[in-house]
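Colleague: Could you take me through one part of this model in some detail? I'd like to look at a single site and hear what surrounds it.

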Amino acid sequence: MTEIAISGVSKSFSLGKGEIQALADIEITFPSGSFTALIGPSGCGKSTLLRLIADVFPPTTGSIRVGDHGPDAARLSHEIGFVFQDPTLLPWRNVVENVRLPAEVAKIAPRRDPAALTTLVGLAGFEEARPSQLSGGMQQRVAIARALALDPKVLLMDEPFGALDEITRQRMNMELLRIWKESGATAVLVTHSISEAVFMADTVVVLSANPGRVSEVISVDLPRPRRLDLMRDARFNSYENKVREALFGDDMKVPA
Amino acid sequence: MTPAGTLRSIAPPAAVMVALLALMEIAKAAGWLPITVPAPSQVVAVIPAQWDNLVYHAGGTLRSALLGYFAAACAALALASLALSREGAERPILSLGVLIDCVPLIALAPIFVIWIGQGSALYITIAGISSFFPLLLGTVQGFKATDRSTRELFHVMAANRWQRLRLLAVPSSLPYLFAAMKVAAPLALLGTLIAEWMGAERGLGAMILYALFSFNVPVVWLTIVTICGLSAGAYGLIALLEARIVNWGPKGVSGHG
Ligand SMILES: Nc1ncnc2c1ncn2[C@@H]1O[C@H](COP(=O)(O)OP(=O)(O)O)[C@@H](O)[C@H]1O
Ligand SMILES: [Mg+2]
């Protein structure tokens with residue numbers, strides 16, 4: 001059971017002489033095994049929130065729990081898988097070697113077989129390929145396989161498919177849902193896309209900027225496994241509209 | 001590279017060289033070249049008699065250049081580590097490097113003669129100084145060559161300092177290190193040569209001076225060709241090593257989709 005609980009969290013960065021508040025008064029609970037999407041305008045602190053959960057830096061105020069302990073303990077016991085916006089593969093390692101990296105660093109046997117993971121993300125036959133020989137979408141799949149190598153209890157993804165075209169992205173999202181379901185991890189996905197957020201998540205957390213705050217939490221009560229034809233469903237569209245409303249508010253009525 | 005590929009990349013410059021040499025030979029025979037420029041065949045003709053001499057002097061130069069180069073690499077490594085481990089240390093250290101690089105060695109060499117006298121210590125010092133800056137710059141750039149997300153990845157994976165160095169920082173820096181090493185190797189040889197002109201008894205710099213004083217034009221040219229050969233050889237050797245080790249191609253080469 002790995003629930004992520006964030007309470008009273010704010011985060012400020014010092015910027016030259018001044019300070020910039022990236023996040024304020026964040027209260028969110030991500031239930032164990034749930035899939036949550038974070039959506040909001042650029043600079044509202046989505047990446048900062050993921051980095052706080054992954055213990056890249058500590059919050060300025062407030063507390064974060066990952067399962068039974070703090071983010072630092074979760075990170076040190078390799079319970080966190082992180083997929084960055086860019087693939088961040090090591091170009092001198094081939095696909096399987098990249099997937100094996102977390103286990104190598106942790107000095108433990110991979111909790112999932114790297115070759116099997118490579119197959120799971122649809123890259124069977126590319127085990128020996130170098131990242132420079134792969135397309136952007138394939139590289140990002142390697143990054144996902146790597147994030148799963150130690151069977152993390154928490155899977156954090158920061159716009160993992162942001163650089164991909166709509167079609168590839170849709171396909172990758174379907175695969176991601178399948179992988180997530182099978183892994184049982186608590187997943188948090190940062191996205192810019194309203195339909196992606198609704199399609200993927202149990203809960204969509206809408207953030208507003210300056211400083212980043214939670215402006216709305218929308219539960220998406222749609223059946224799983226999700227299928228693409230769900231997007232034609234009226235309920236799907238009404239969830240999209242709710243998210244849109246939360247993002248734009250009164251601006252919705254202002255003419256262009 | 002395949003043998004055929006190597007041939008294809010070497011053949012054109014080799015052909016140009018051969019053509020140029022043939023042209024020189026003809027020009028000399030026709031009497032178009034001044035007395036200070038010998039025919040290539042004249043230079044080749046002195047090789048048997050000069051061989052032992054050449055090996056002796058080239059050996060001295062190579063030794064000094066190599067030691068100076070090695071010392072410069074160690075200093076660059078130490079200073080680059082210092083530059084990046086202390087906040088605000090990078091600028092002053094790089095400025096020092098630029099300063100050293102800007103002082104003309106030919107002016108500096110006599111001063112060093114006064115300080116440390118003649119002998120291999122002088123040649124090694126000058127060789128080191130002349131190859132230092134590119135090595136420093138390359139090492140600093142190389143150590144900075146990791147991007148923020150990859151460093152964060154290593155943090156999230158709970159990698160220790162040693163793992164970060166071995167698995168990330170060192171491999172990332174290699175392309176920069178090799179680029180610097182290639183540029184610096186001929187500079188070390190050139191520096192040695194300049195130092196030897198201050199009055200060495202052994203070294204290609206000394207050999208060229210002896211030949212000049214006795215107006216032995218083919219031997220002067222033989223020395224020049226040897227120096228070029230050594231420089232190109234050093235460069236080529238490092239390039240070969242680089243092709244062996246840095247075989248992963250530039251980062252971010254891939255397309256999307
Ligand atoms: N390491 C940092 N140092 C200083 N400021 C930062 C840092 N990381 C993020 N910020 C600032 O915090 C705010 C939120 O950034 P970020 O979390 O990246 O937003 P998002 O991912 O939603 O686009 C931005 O104003 C950004 O400039
Ligand atoms: Mg971001």
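Which residues are around ligand 1?

Modeller: Happy to. First, some ground rules: this is a predicted model, so local features need pLDDT of at least 70 and side-chain atom pairs count only at pLDDT 80 or more, while totals for chains, interfaces and linings use all residues. Residues are numbered from 1 along each chain as its sequence is written, chains are lettered from A and ligands numbered from 1 in the order in which they are written, and side-chain values use heavy atoms, with hydrogens and water left out.

Now the site. Ligand 1 sits between chains A and B. Counting a residue as near if one of its heavy atoms lies within 4 Å of the ligand, chain A gives you Phe13(A), Leu15(A), Ile20(A) and Ala22(A), then the run Ser42(A), Gly43(A), Cys44(A), Gly45(A), Lys46(A), Ser47(A) and Thr48(A). From chain B comes Arg148(B).

Where do these sit in the fold? Helices (H or I, at least four residues) and strands (E, at least two) are DSSP runs, numbered from the N terminus. In chain A, strand 1 (4–15), strand 2 (18–30) and helix 1 (46–53) each bring at least two residues to the shell. Helix 1 of chain A has the largest share, with three residues.

By class, the shell holds five nonpolar, five polar and two charged residues. Here Ala, Val, Leu, Ile, Met, Phe, Trp, Tyr, Cys and Pro count as nonpolar, Asp, Glu, Lys and Arg as charged, and the others, Gly among them, as polar.

Next, the polar contacts, meaning pairs of N or O atoms within 3.5 Å; within protein, one must be able to donate a hydrogen and the other to accept it, and residues adjacent in sequence count only if both atoms are side-chain atoms. Thr48(A) puts a polar side-chain atom 2.5 Å from an oxygen atom of ligand 1. With Lys46(A), it's a backbone N or O atom that lies 2.9 Å from a ligand oxygen. Cys44(A) also uses its backbone, with a polar atom 3.3 Å from an oxygen of ligand 1. As for cover, ligand 1 taken alone exposes 560 Å², and the protein buries 70% of that. Those accessible areas come from the Shrake-Rupley method with a 1.4 Å probe; for residues, only the protein chains shown count as cover.
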